[in-house]
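Load the coordinates and follow along.

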Amino acid sequence: MRYRLALLLIVASTSLAACTRGIHVEIANNDSAALAEAIRAANASPGQSTIRLARRGLYILGQETADGLLLPPVAGKLTIEGNYAEIRGYSRAPAAILEVSAGASLRIENLVLAEGTNGTVRNYGRLGLQNVGIVDGSTQTVPAIVLNHGRLEAVGGEIAYNHLLSNRRDAGTVLNYGEARFTDTRIHGNRAIGRYPTLAVSGGVLNFGEIRADGLSFADNEIPSEPASGLSFGGILNVGNGSVRGETPVGDVRSAELADIIATR
């Protein structure tokens, strides 16, 4: 009887462990299809999953795997160990590279995300970026390279050399509606084009939410609008209830009351 009870306990504990275990997989260099399949498998796994890319590998994304996305949206708990690789988009249709769904969490380490053509990253859950570069992106209909509606934390890395088009919508290289924390991150070399002087446009961060910034730096984020607008800025532009805490130079932050923006339209 004791033997049978012990056996049942072992089987039950093994089954429970299996039900809470994520996947752990390594993706060969340039195997973009395997990367997409691994994300789908991680979404189907209830535990914490890890995907490790090839060291200094290159992954070319040539077609959408979901509507407007080059990789499947992350819907579970996932870490991507970039291993100093690059993921680059080369799709014909405008598309972002990745999205974190509401209730999901994604941590990315040591990776370059490049050439999203309708923004690059969209976050509705929890997104952690450790030494991640978001570069060479552009926009078509989405008003941001990095769109955050959830919780975003970036440590190190850069958001650089992106082209942002503000076409009848407020826009920012980073557009924050949620909570964002930046530590020693550089936002530089972005070109923000504001077509209308009544639009709020930031080549850095357009902030409707809450930001904690320590060591966040800005440089050379162009705002070539005609005529020049006080609602255009290359640092952090706070709108409405947007707020900033931390060690941020005063010259890198500007406030624009939402009422002032609405009044000009």
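**Cavity, pocket and cores**

The largest cavity is lined by Leu129, Val132, Ile134, Ala154, Gly156, Glu158, Ile159 and Thr185. The model is predicted.

**Cavity**
- The whole structure holds one cavity of 30 Å³ or more.
- The volume of the largest cavity is about 40 Å³.
- Strand 8 contributes the most to its lining, with three residues.
- The lining splits into five nonpolar, two polar and one charged residue.

**Pocket**
- By class, the pocket lining has nine charged, seven nonpolar and three polar residues.
- Strand 8 supplies the largest share of the pocket lining, five residues.
- At least two lining residues come from each of strand 6 (105-114), strand 8 (126-135), strand 10 (151-155), strand 14 (179-183) and strand 18 (210-214).

**Nonpolar cores**
- The largest nonpolar core counts 47 residues. Leu53, Ile87, Leu106, Ile108, Leu113 and Ile134 have the most contacts inside this core.
- Helix 2 (residues 32-44) gives the most to this core, five residues.
- Another core of 11 residues lies apart from it, including Leu206, Leu237, Val239 and Ala256.

**Ile134**
- Ile134 lines the largest cavity and is among the residues with the most contacts inside the largest core.
- Beyond four places in sequence, Ile134 touches Leu113, Thr120, Val121, Leu129, Ile145, Val146, Glu158, Ile159, Ala160 and Asn162.

Technical notes: Residues numbered from 1 in each chain as written. Predicted model: local features only at pLDDT ≥ 70, side-chain atom pairs only at ≥ 80, totals over all residues. Heavy atoms only, no water. Helix = DSSP H or I, 4+ residues; strand = E, 2+ residues; numbered from the N terminus. Nonpolar A, V, L, I, M, F, W, Y, C, P; charged D, E, K, R; others polar. Core = buried A, V, L, I, M, F, W, Y, C linked by side-chain atoms within 4.5 Å. Buried < 20%, exposed > 50% of the residue type's maximum accessible area, 1.4 Å probe, protein only. Contact = heavy atoms within 4.5 Å. 1 Å grid on protein atoms, 1.4 Å probe; cavity = no way out; pocket = protein on both sides within 12 Å on 5 of 7 lines; lining within 4 Å. Points joined across faces, edges and corners; volume = space filled by probe spheres on them.
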